[in-house]
Amino acid sequence: MDVTRRGLRLATKGLAVLVMICLVRYADSFALIFSLNQVGIVPSYIAILVLLSGIGAILGLSRGNRWGFIPLYFFIPAITMFFNYSLIPYLPQLVAPEFRGMAVFFLNSSVLLFAVLLLLKMMDNDVIFSVEKY
C-alpha cells in the first residue's frame, strides 16, 4: 500500500472518529428517541434515520470503504439542519452565542466539503476508463 492510499484510509478513519465523537457527545439527545415521553420538534423517525446513518458511516468509513460516504452525506446535513450539532466538538463554544448557529453550519459544511473531496480523490485512483489528455 503506497503512501497516498494509506493517507486516504487514515482520512476516512478520521471522519469516522468525528462522527463517533458527535454521536457519543450527543448520546443523551438520541436516547430521547427511545423514551416514551419524547418532547421535541424533530420526529422520532427522522432522529432514528440520523442515528442509523451515523452508525452506518462509522462502520463504512472505519474500514476505509467508499460506501461509508453515502450515510455520511445524509448524516452531516441532517445533524446540521435538524439538531444544530457540530461534528467538530467544542469549537462552536468559542463563538458568541448569536453567531453559534452560523459557526456550526460553517464547520459542518467544511467537513462535508472535505468528505466530498476525499471521495473524489479516492475515486481518482480507481479510474476504469482511459481518458485522453489534451
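**View 1. Tyr90, an exposed residue in a loop.** At 55% relative accessibility, Tyr90 counts as exposed (exposed means over 50% relative accessible area, buried under 20%, and partly exposed in between, with a 1.4 Å probe and protein chains only). Tyr90 sits in the loop between α4 and α5. Its phi is near 65 degrees, a positive value in a residue other than glycine. This is a predicted model, in which local features need pLDDT of at least 70 and side-chain atom pairs count only at pLDDT 80 or more, while totals for chains, interfaces and linings use all residues. Residues are numbered from 1 along each chain as its sequence is written, and side-chain values use heavy atoms, with hydrogens and water left out.

View 2. Asn84 follows α4, and its phi is positive, near 60 degrees. Asn84 is partly exposed, with a relative accessible area of 43%.

**View 3. The whole chain, for orientation.** The chain has five helices and zero strands (DSSP runs numbered from the N terminus: helices are H or I with at least four residues, strands are E with at least two). Of the 134 residues in the chain, 36% are buried. Among contacts between residues at least 6 apart in sequence, 66% join residues at least 24 apart (a contact means heavy atoms within 4.5 Å). The accessible surface comes to about 8,800 Å², and 70% of that belongs to carbon and sulfur atoms (areas come from the Shrake-Rupley method with a 1.4 Å probe; for residues, only the protein chains shown count as cover).

**View 4. Helix α4 and its buried residues.** α4 has 15 residues and reaches 20 Å from its first C-alpha to its last, close to the 21 Å expected at 1.5 Å a residue (the expected span is 1.5 Å times one less than the number of residues). Its buried residues include Phe69, Pro71, Leu72, Phe75 and Thr80. The buried residues of α4 pack against α1, α2 (27–31), α3 and α5.

**View 5. The largest nonpolar core.** This core has 32 residues, and those with the most contacts inside it are Leu15, Phe30, Val50, Phe69, Leu72, Phe75 and Ile79 (a nonpolar core is a set of buried Ala, Val, Leu, Ile, Met, Phe, Trp, Tyr and Cys residues joined through side-chain atoms within 4.5 Å). At least two core residues come from each of α1 (3–25), α3 (44–62), α4 (69–83) and α5 (100–124). With eight residues, α1 gives the most. Zoom in on Phe30: not counting residues up to four places away in sequence, Phe30 touches Leu23, Ala47, Val50, Leu51, Ile79 and Phe83.

**View 6. Thr12, a buried residue of α1.** Thr12 lies in helix α1 and is buried, with a relative accessible area of 0%. A polar atom of the Thr12 side chain lies 3.4 Å from the backbone oxygen of Leu61. Leaving aside neighbours within four places in sequence, Thr12 is in contact with Leu61, Gly64, Phe69, Leu118 and Met122.

**View 7. Segments annotated in UniProt.** An unreviewed UniProt entry places the feature "transmembrane region" at residues 15–36, 42–61, 68–87 and 99–120 (positions are in the numbering used here, feature names are shortened, and annotations may be inferred rather than shown by experiment). Over residues 68–87 the chain is 75% helix and 0% strand, with end C-alpha atoms 16 Å apart. Over residues 99–120 the chain is 95% helix and 0% strand, and the end C-alpha atoms are 32 Å apart.

Note on methods:
Polar contact = N/O pair within 3.5 Å; in protein donor to acceptor, adjacent residues only side chain to side chain.
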